[in-house]
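Student: I have a model open and would like to work through its packing. Can we take it question by question?

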Amino acid sequence: MEIDWLEDFLALSAAGVFARAADARNISQSAFTRRIKNLEHWTGVPLFDRSVHPVELTAAGKAFKQTALDTVAALKQSKSDIRSLTRQEASVLDFVALHSLAISYFPEWLKRMSGHLGPLRTRLVAENFSGCAEAILSGSADFMLCFHHPSVPTIADGNRYPSVKIGKDRIIAVSGVDARGQALFRLEGEEEVPVLSYGPNTFLGRVAQVCLDRGGLTQRAAPIYENSMAEALKSACLVGLGVAFVPEAVVRRELQNGTLQKISAPEFEVSVDIKLYRSIERSRPELERFWMLAQNL
């Protein structure tokens with residue numbers, strides 16, 4: 001069965017003359033006649049009475065006509081819907097971002113971008129750094145939002161995967177507080193410091209190690225809890241489990257309301273850039289418009 005056969009059938013039922021119907025379908029009469037016969041072979045019964053001129057529908061043809069009309073209309077509507085869906089999908093910008101940036105930075109930044117570009121259709125997946133890199137390298141995301149620091153290798157091929165700095169943050173040490181609002185832990189002194197860590201192979205874990213090294217705390221740091229997400233370390237810090245090195249934006253609200261306290265000296269802290277990466281192999285008007293604004297905002 002082919003949709004062309006159904007459209008041929010409807011054309012002949014309207015015209016009543018093979019030559020006229022073939023002309024309306026823009027094919028030769030012989031090809032048109034052959035396709036009508038193919039349809040009748042498929043149904044198993046004659047659909048046209050050829051003993052009269054113009055030809056008329058048989059009883060089976062009359063019964064089949066509404067089915068043909070409905071089927072052709074449904075297929076055309078489905079084709080239109082699918083194409084519309086494809087156009088809508090093309091307008092969606094796919095982002096992958098570190099968990100902490102997905103929560104603490106992306107919404108406000110996207111609001112600023114939308115203020116210049118108008119409403120945007122976006123989809124965001126939160127990942128660890130290796131997951132972010134895999135998404136942009138494999139082409140499953142349009143943009144990657146990650147921290148950048150010279151001490152941590154990122155994507156090396158800046159030609160295929162260009163980036164632009166869109167913000168900055170600072171990695172600071174924070175502690176939970178007691179009933180009087182005093183920090184539960186301090187970095188000064190000689191005692192061991194219970195540290196809430198990310199793991200050595202994560203981006204924030206490596207930057208946190210830079211903080212420890214700068215503060216001469218490496219030997220005194222006692223890792224007691226590990227989680228790759230800054231938000232999870234913040235939660236552990238709030239209940240007093242230990243000290244966390246986190247992006248300042250992640251704990252800004254808690255620092256303001258006094259449920260966490262910053263305990264690191266400025267010289268211990270590490271500034272990090274927030275960068276937007278893209279692959280030049282993915283390109284469409286919506287993506288290029290967004291990229292141009294990100295470079296100039």
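**Rings, cores and helices**

Tutor: Buried means under 20% relative accessible area, exposed over 50%, partly exposed in between (1.4 Å probe, protein chains only). This is a predicted model, where local features need pLDDT of at least 70, side-chain atom pairs count only at pLDDT 80 or more, and totals for chains, interfaces and linings use all residues. Residues are numbered from 1 along each chain as its sequence is written, and side-chain values use heavy atoms, leaving out hydrogens and water.

Student: Are the rings of Phe95 and Phe143 stacked or edge-to-face?

Tutor: Rings of Phe, Tyr and Trp (its six-membered ring) pair if their centres lie within 6.5 Å. Planes under 30 degrees apart count as stacked, over 60 as edge-to-face and the rest as tilted. Here the centres are 5.3 Å apart and the planes are at 25°. The pair Phe95 and Phe143 is stacked.

Student: How many residues apart are Phe95 and Phe143?

Tutor: Helices (H or I, at least four residues) and strands (E, at least two) are DSSP runs, numbered from the N terminus. Phe95 sits in strand β3 (residues 92-98), and Phe143 in strand β5 (residues 143-148). The pair links distant parts of the chain, 48 residues apart.

Student: Why does the pair of Trp109 and Phe290 count as edge-to-face?

Tutor: The ring centres of Trp109 and Phe290 are 5.6 Å apart. Their planes stand at 85°, so the pair is edge-to-face.

Student: Which helices hold Trp109 and Phe290?

Tutor: The pair ties together parts that are 181 residues apart in sequence. Trp109 lies in helix α6 (residues 106-117), and Phe290 in helix α11 (residues 285-296).

Student: Is Phe290 buried or exposed?

Tutor: Its relative accessibility is 0%. Therefore Phe290 counts as buried.

Student: Which residues touch the most other members of the largest nonpolar core?

Tutor: A nonpolar core is a set of buried Ala, Val, Leu, Ile, Met, Phe, Trp, Tyr and Cys residues joined through side-chain atoms within 4.5 Å. The largest one has 71 residues. Helix α8 (residues 203-214) gives the most to this core, seven residues. The residues with the most contacts to other members are Trp109, Leu276 and Phe290.

Student: At what angle do helices α1 and α3 cross?

Tutor: Axes are lines fitted to C-alpha atoms, for helices over the stretch in contact, and angles run from 0 to 180 degrees between N-to-C directions. The axes of α1 (residues 3-15) and α3 (residues 29-43) come within 9 Å. They cross at roughly 105°.
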